[in-house]
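Hi,

Here is the structure I said I would pass on. Have a look at it first, and my notes on what turned up follow below.

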Amino acid sequence: MNNPEIFTPEERDENEERKRELINLVASGEAILIVGAGSSARVGYMTWDGLMQALENLANRFGTDLDQRRKDNPLEYAEDIKSHIRNKTGNLRRYHDFLYDSFKRKSPPFDDFHRKLVSLPFRGIL
């Protein structure tokens with residue numbers, strides 16, 4: 001089965017040029033890598049969407065009246081979930097325990113992808 005081309009010849013050439021520029025920038029030692037949760041998901045950590053769903057599930061264990069009006073703003077919704085748990089349980093012990101269990105060191109905590117990534121000459125990694 002042949003996969004159809006997704007780039008026009010001009011777009012492919014432009015993409016190749018940008019790729020060369022990126023390689024040169026990284027090789028210069030001046031690039032800063034900004035990496036997201038997806039790279040940690042490969043060793044078993046949750047993505048942001050997974051964390052939000054798990055926190056929502058945790059909150060619903062203490063009452064199904066979680067206010068979801070700010071669900072379209074993930075940071076505010078995460079704060080609402082935290083407040084819901086505190087209000088329903090009287091403290092944040094279960095919330096903190098959940099976060100600790102979710103993000104404690106995995107075994108292994110990284111893989112070959114991570115080794116290769118940090119071996120590149122980035123000026124910094126966020």
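**Salt bridges and cores**

Asp112 and Lys116 pair through their side chains in a salt bridge, 3.2 Å from N to O. The term here means a side-chain nitrogen of Lys or Arg within 4 Å of a carboxyl oxygen of Asp or Glu. The two residues sit four apart in helix 6, so about one helical turn separates them. (Helices are DSSP runs of H or I, at least four residues, numbered from the N terminus.) Asp112 is partly exposed at 41% relative accessible area, while Lys116 counts as exposed at 53%. For those labels, buried is under 20% relative accessible area, exposed is over 50%, and partly exposed is in between, with a 1.4 Å probe and protein chains only.

Before going on, some housekeeping: this is a predicted model, so local features need pLDDT of at least 70 and side-chain atom pairs count only at pLDDT 80 or more, whereas totals for chains, interfaces and linings use all residues. Residues are numbered from 1 along each chain as its sequence is written, and side-chain values use heavy atoms, with hydrogens and water left out.

Back to the charges. The salt bridge count comes to 13. One of them joins Asp111 to Arg42, at 2.8 Å from N to O. Asp111 is in the loop between helix 5 and helix 6 (112-119) and Arg42 in the loop between helix 2 (38-41) and helix 3, so this pair ties together parts 69 residues apart in sequence. Asp111 is buried, at 18% relative accessible area, but Arg42 is partly exposed at 47%.

Glu76 also bridges to Arg70, with the closest N and O atoms 3.5 Å apart. Glu76 is partly exposed at 34%, and Arg70 is partly exposed at 34% too.

Now the inside. The largest nonpolar core has 15 residues, and Leu55, Ile81, Ile85 and Phe98 have the most contacts within it. By nonpolar core I mean buried Ala, Val, Leu, Ile, Met, Phe, Trp, Tyr and Cys residues joined through side-chain atoms within 4.5 Å. Helix 3 (48-60), helix 4 (74-89) and helix 5 (93-103) each give two or more residues to this core, and helix 3 gives the most, with six.

Leaving aside residues up to four places away in sequence, Ile85 touches Leu58, Ala59, Phe62, Gly90, Asn91 and Tyr95; contact means heavy atoms within 4.5 Å. Apart from that core lies another, of five residues, including Ala31, Leu33, Leu117 and Phe122.

Cheers
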